[in-house]
Amino acid sequence: MQKNMGTTDRTLRTVAGVGLIGLAATTRGPLALASGTLAAVMLGTSAVGTCPAYLPFGIDTREEKR
């Protein structure tokens with residue numbers, strides 16, 4: 001897959017993912033499960049640099065387009 005996430009987008013997702021991990025660690029039940037799942041998705045897409053939800057809409061947040 002082609003990368004479609006810029007540095008700012010990836011940084012914000014990483015920060016939000018870490019925050020959601022904290023929420024998941026301090027709660028129980030469905031909220032903890034949802035927070036943990038969303039954190040995994042956000043950290044995964046940030047690490048890879050590709051957001052599958054951006055693909056159908058042609059969104060590309062990279063600062064430098066190639």
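Arginine 62 lies in the segment that follows helix H2, residues 30–48; helices here are DSSP runs of H or I with at least four residues, numbered from the N terminus. The model is predicted, so local features need pLDDT of at least 70 and side-chain atom pairs count only at pLDDT 80 or more, while totals for chains, interfaces and linings use all residues. Residues are numbered from 1 along each chain as its sequence is written, and side-chain values use heavy atoms, with hydrogens and water left out.

Is arginine 62 buried or exposed? Its relative accessibility is 16%, so arginine 62 counts as buried, the cut-off being under 20% relative accessible area with a 1.4 Å probe and protein chains only. Its side chain makes a polar contact of 2.7 Å with the side chain of aspartate 60; such a contact is a pair of N or O atoms within 3.5 Å, where one must be able to donate a hydrogen and the other to accept it, and residues adjacent in sequence count only if both atoms are side-chain atoms. A polar atom of the arginine 62 side chain also lies 3.3 Å from the backbone oxygen of lysine 3.

Turning to H2, its buried residues are Ala32, Ser35, Ala39, Met42, Thr45 and Ser46. These buried residues pack against helix H1, residues 7–26, with contact meaning heavy atoms within 4.5 Å. Just after H2, glycine 49 adopts a positive phi of about 90 degrees.

Definitions and conventions:
Helices (H or I, at least four residues) and strands (E, at least two) are DSSP runs, numbered from the N terminus. Buried means under 20% relative accessible area, exposed over 50%, partly exposed in between (1.4 Å probe, protein chains only).
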